[in-house]
Amino acid sequence: PLVLLGAGNLGRRTADGLAELGRPPVAFADNNPAKWGTTVDGIPVLSPAEAAEAYRDRAGFVVTIWGAGQT
């Protein structure tokens with residue numbers, strides 16, 4: 001199982017690709033508190049702390065944050 005760190009555009013695209021492979025992520029973790037407790041494309045969004053607590057020993061974590069041009 002995988003948890004994707006970042007529920008934005010890259011996270012959603014990655015989740016779609018994983019779903020096509022039959023391996024959808026179990027959750028997103030996101031720094032935006034407004035997203036916590038919601039779902040994105042049917043996948044639950046947790047705070048990073050909640051995701052670490054829930055999945056630390058049960059899933060891999062993949063960073064799906066794109067920050068091109070940001071300093």
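Predicted model: local features only at pLDDT ≥ 70, side-chain atom pairs only at ≥ 80, totals over all residues.
How many bridges join strand β1 to strand β2, and do these strands run parallel or antiparallel?

**View 1. Strands β1 and β2 are paired.** Strand β1 (residues 2-5) and strand β2 (residues 27-29) run parallel and are joined by 3 bridges. Within this pair, Leu4 stands opposite Phe28 of β2. In general, the strands of a sheet pair through backbone hydrogen bonds, in either a parallel or an antiparallel manner.

**View 2. The open sheet contains 5 strands.** The strand order is β3-β4-β2-β1-β5, and the pairing is mixed. The edges are formed by β3 (39-40) and β5 (60-63); each has a single partner strand, so one side of each is left without a neighbour in the sheet.

**View 3. Two helices pack on the sheet.** Helix α1 (residues 9-20) touches β1, β2, β3 and β4 (43-46), and its direction makes about 160° with that of β1. Helix α2 (residues 48-55) touches β1, β2, β4 and β5, and its direction makes about 115° with that of β4.

**View 4. Ala27 is a buried residue of strand β2.** The relative accessible area of Ala27 is 0%; the residue is therefore classed as buried, a term that applies under 20%. Not counting residues up to four places away in sequence, Ala27 touches Leu2, Val3, Leu4, Ile43, Pro44, Leu46 and Tyr55. The C-alpha atoms of Ala27 and Ala51 are separated by 7.7 Å, while the two residues are 24 residues apart along the chain.

Note on methods: Residues numbered from 1 in each chain as written. Heavy atoms only, no water. Pairing = 2+ DSSP bridges. Helix = DSSP H or I, 4+ residues; strand = E, 2+ residues; numbered from the N terminus. Contact = heavy atoms within 4.5 Å. Axes fitted to C-alpha atoms, helices over the stretch in contact; angles between N-to-C directions. Buried < 20%, exposed > 50% of the residue type's maximum accessible area, 1.4 Å probe, protein only.
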